[in-house]
Amino acid sequence: MADGSPGAPASSAERASVLQGAPVLARSQSDYVAADEFHREGAGSPSRFSLHFTLCSRIVLSASASLSQRTRQTGGCDLCRGRVSQVPVESAGEGRVGRVVRVQSGGQVIMWGAVVGAALLGAIPGGAAGRSRVRLAAAQAPPSPSSGADLARATHALLAERCFACHAGSQQKGGLRLDSREGLLRGGDSGPALRSGDSAGSLLVRMVSGKEPGKRMPPTGELLSPRQVALLRAWIDQGAPAPAAGGSGPAGGGGPHWAFQPVHRLPLPVVRTPQWVRNPVDAFVLARLEKERVRPSPEADRPTLLRRLTLDLLGLLPTPEETAAFVADPRPDAYERQVDRLLASPHFGERWGRHWLDLARYGDSDGYEKDSPRPFAYVYRDWVIEALNRDLPFDQFTIEQLAGDLLPNTTVAQKIATGFHRNTLKNREGGVDQEEDRNKIAVDRTSTTGTVWLGLTLGCAECHSHKYDPISQREFYQFFAFFNNTDDVDISLAGEADRAAYQQALKKHQADAARLAEVLQAYERTELPARLADWEAGGAATPGVKPEAINRILATSRAVRTAEQQAMLLGFYQILDPGWKERKKAITDHGRQAPTDPGARAQTLQASAPRETRIHVRGDFLRKGDAVQPGTPAVLPAFPAGSARPTRLDLARWLVDPANPLTPRVTVNRVWQALLGAGLVNTPNDFGTRGELPTHPELLDWLAAAFAGRTASGRPAPAALNWSLKGLIRLVATAATYRQSSRHRPELHERDPKNQWLARQNRFRAEAEVVRDLNLAASGLLHRKIGGASIRPPLPADIAALGYAGSVKWPETQGPERHRRGMYIFYQRTVPYPQLTTFDAPDANTSCTRRERSNTPLQALTLLNDPVFVEAAQALGRRIVLEASGTVTDRVRFAFRSCLNREPTARETVRLQRLHGELMDGFRRDPQAAAKLAGTAPPAGVTMEEQAAWVALGRTLLNLDEFITRE
């Protein structure tokens with residue numbers, strides 16, 4: 001084999017090296033997986049197989065090709081410029097012949113192979129026990145990211161997902177703890193869980209792969225997949241390394257969790273095809289794709305790009321005129337101009353405001369059984385829209401919402417901003433313990449702040465220390481203390497002149513009321529007793545229709561009556577006395593004429609008198625534990641030294657301090673999720689140890705540093721955005737990554753089924769409110785007024801009946817206001833508007849960081865039958881016959897452009913023309929059905945059947961999956 005000629009027999013030393021698992025073998029997860037596939041496919045027949053080496057990912061061998069084709073080197077690897085060949089090797093003890101791949105590079109020889117009909121090398125029978133344990137391909141241990149920090153992070157995530165429930169923290173079944181490296185090495189009742197550098201000999205690998213006789217882990221449910229076992233094996237075979245900076249291993253494994261580490265200033269990666277890169281975002285994405293040897297998808301066509309961009313930035317459809325103008329724009333920056341135009345639209349604040357209202361658990365009622373309405377909740381919603389439209393920097397956006405009332409020279413708008421935490425549920429039922437309800441509200445505010453800004457499941461520590469993240473129950477109540485010293489207060493929004501006039505009128509009204517009350521009291525002192533005596537003398541004492549107690553008093557002589565009896569008698573008589581009733585009525589009428597407090601009232605927060613905060617033992621507010629002071633989790637940067645008792649303002653500033661690694665990471669991840677369909681971290685509410693790892697950790701940190709404008713060290717970040725949300729959105733939306741086609745790529749279906757490598761854009765259904773907005777926009781019914789009080793669209797009677805004491809039997813909004821955007825629909829928490837819940841709108845009881853996306857028959861039925869969608873189809877049919885003159889083809893194209901923002905294909909045109917003809921025939925035979933569907937009389941020159949046919953065709957387009965899909 002010294003000459004490297006193909007087919008030369010392997011020497012005895014080389015065969016021994018292979019059979020005994022010499023340390024020159026590859027060590028990547030992909031090699032483990034390839035080895036497993038090699039074993040499964042190669043056993044029994046010479047079927048095709050592929051084998052991927054870590055030292056050279058460019059070597060591919062095909063078992064079914066001719067010998068001259070079996071060796072192929074694609075070049076470019078410094079480690080494998082030597083000879084690559086196949087050599088036969090004899091199976092010890094059985095005489096069977098298999099193939100071994102031999103790579104010679106300089107003085108180093110690497111060999112890996114299999115015996116056809118047997119198994120991987122580790123399964124070759126015969127020889128000493130050591131021969132049955134090849135490090136990479138042992139049959140007892142199924143096949144193993146790359147190396148270092150990637151492996152540490154991935155391993156930790158896997159153990160957290162599948163093992164920590166039984167083997168972490170206080171749960172140590174079998175004496176085994178897997179959330180620390182020391183625990184893994186120490187093991188449990190059955191001995192050490194792993195042998196560093198020897199995955200095949202590690203008990204953990206044998207247990208999770210089901211190869212330990214009579215034992216398996218997890219004990220119930222599915223076993224780990226081969227790829228998951230491969231991940232563990234790669235980590236163990238590399239020595240179970242401690243995480244590098246920015247990485248994460250099991251808790252206590254040599255470094256903190258990745259999300260708790262500072263945000264670092266990262267250089268852009270070097271890529272082989274830089275011409276694809278439009279901005280720094282693409283460099284990180286392309287580097288990952290090149291690592292996986294995958295090309296990005298081509299850019300989507302211009303109609304698709306503009307529709308996607310308009311839906312993402314405004315939640316609306318582009319007009320056919322806007323689409324045509326963009327398609328015809330020859331300028332090299334035509335796309336960027338569209339991004340800037342949409343970011344400047346006042347509807348931008350509505351679209352991105354809705355995302356924020358999900359986090360703020362916004363609703364228009366109190367919740368709980370009584371669920372009283374909050375008629376002025378919309379004031380906070382309007383503040384959010386306005387703040388986003390003017391691109392209020394996110395750090396100030398944060399401070400004003402958490403502590404606007406504590407800012408120096410605070411304004412009314414900054415007080416309104418604190419309405420973020422007035423969106424908590426409020427229990428106003430009779431008999432409610434108000435102190436308990438106040439504590440529940442403070443707990444909700446604590447947990448929500450942890451979710452929205454830190455991306456942590458902070459609320460899990462309310463009753464006990466967090467089982468997975470380094471957050472103690474004491475730290476939860478230190479955080480809780482910031483909100484324990486807060487009261488709710490509603491403030492008037494009237495102007496100064498209006499307020500002055502109101503105060504003057506109120507003062508006069510109160511003076512008049514006092515005068516009338518004095519008149520009544522004087523009458524009761526001076527005239528009423530005499531009139532009572534006259535009443536008695538006139539025969540009142542004669543038994544009649546009077547309360548029995550009054551009859552007994554009247555039968556008693558005045559001389560012996562008690563003062564109490566005389567007062568009771570006077571009280572009874574006064575309601576009969578005309579003079580008393582007249583004066584009492586004057587007071588009642590005057591009270592009804594009290595001046596009305598002008599304008600709406602905003603729900604805000606204000607600092608209260610200091611309250612002592614104590615730990616709630618097991619979460620019970622009645623069981624007081626140790627006293628605590630306001631503070632933050634120790635795992636995060638230290639709270640800055642300041643006042644003796646930190647306030648909500650100190651907390652807000654700490655959240656947006658450059659040293660805090662979570663706020664910028666969590667925020668940019670949500671923006672990425674909104675624009676790409678899934679976050680770089682796919683658990684946006686959990687950046688803790690149980691959350692998923694970032695798919696592109698370097699990109700996440702680069703974006704976080706750019707967004708905050710500075711790194712943890714205080715150094716300016718590259719491409720500093722200084723907390724500009726619009727700047728961040730523009731950066732992502734102008735990247736080539738965002739502009740890719742979303743067309744499915746079958747070749748990546750198995751390798752990257754969730755599109756985590758970002759080799760294409762994602763397709764997903766629009767949110768509940770946007771589904772409604774699209775129908776109204778396409779039909780021409782949409783009323784584009786921004787802000788103001790919530791609307792009440794038609795509500796089915798059986799739904800309205802579900803509310804407490806008729807609370808949901810609302811008066812329907814009339815006029816064009818009823819066709820406002822979906823985000824303005826009055827959200828009654830106990831009985832939400834059914835169209836919103838059908839399309840997975842959140843329940844507004846808790847903060848929602850990511851909406852669910854379901855696909856149910858009920859959604860299809862709603863699109864067909866809900867009154868607003870039927871009305872939209874009728875309006876679209878009228879639009880078609882009024883605005884698109886000409887042939888049926890012209891009208892089909894007009895309808896298609898209005899709904900889908902593109903021209904129909906020839907096949908689509910033919911099918912819709914045929915549908916129109918069939919509809920016309922059907923409605924001619926059934927004029928009553930035509931009149932019912934058309935809804936209104938047709939315009940001049942159009943028959944009822946024709947209008948009904950276009951309504952039905954428009955309804956077809958509005959019910960297409962493409963119409964409600966962000967592509």
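A residue counts as buried when its relative accessible area is under 20%. In this predicted model, buried residues by that criterion account for 51% of the 967 residues in the protein.

**Helix α13**

- Helix α13 spans residues 394-403, and because eight of its ten residues are buried, the helix is largely enclosed by the rest of the structure.
- The buried residues of α13 are Phe 394, Phe 397, Thr 398, Ile 399, Glu 400, Gln 401, Leu 402 and Ala 403.

**Packing of α11 against α12**

- Two packed helices are described by the angle between their axes and by the distance that separates those axes.
- Helix α11 (residues 347-359) packs with helix α12 (residues 378-389) at an angle of about 125 degrees, and the two axes lie 8 Å apart.
- Angles from 65 to 115 degrees count as roughly perpendicular and those over 145 as roughly antiparallel, and α11 and α12 are therefore oblique to each other.
- The crossing that α11 makes with α12 is right-handed.
- On the α11 side, the contact is made by Phe 348, Gly 349, Glu 350, Trp 352, Gly 353, Trp 356 and Leu 357, while α12 contributes Tyr 380, Arg 381, Val 384, Ile 385, Leu 388 and Asn 389.
- Sorted by class, the residues in the contact of α11 with α12 are eight nonpolar, three polar and two charged.

How values were computed
Residues numbered from 1 in each chain as written. Predicted model: local features only at pLDDT ≥ 70, side-chain atom pairs only at ≥ 80, totals over all residues. Heavy atoms only, no water. Buried < 20%, exposed > 50% of the residue type's maximum accessible area, 1.4 Å probe, protein only. Axes fitted to C-alpha atoms, helices over the stretch in contact; angles between N-to-C directions. Helix = DSSP H or I, 4+ residues; strand = E, 2+ residues; numbered from the N terminus. Parallel < 35°, antiparallel > 145°, perpendicular 65-115°, else oblique. Left-handed = near helix turned anticlockwise from the far one by under 90°. Contact = heavy atoms within 4.5 Å. Nonpolar A, V, L, I, M, F, W, Y, C, P; charged D, E, K, R; others polar.
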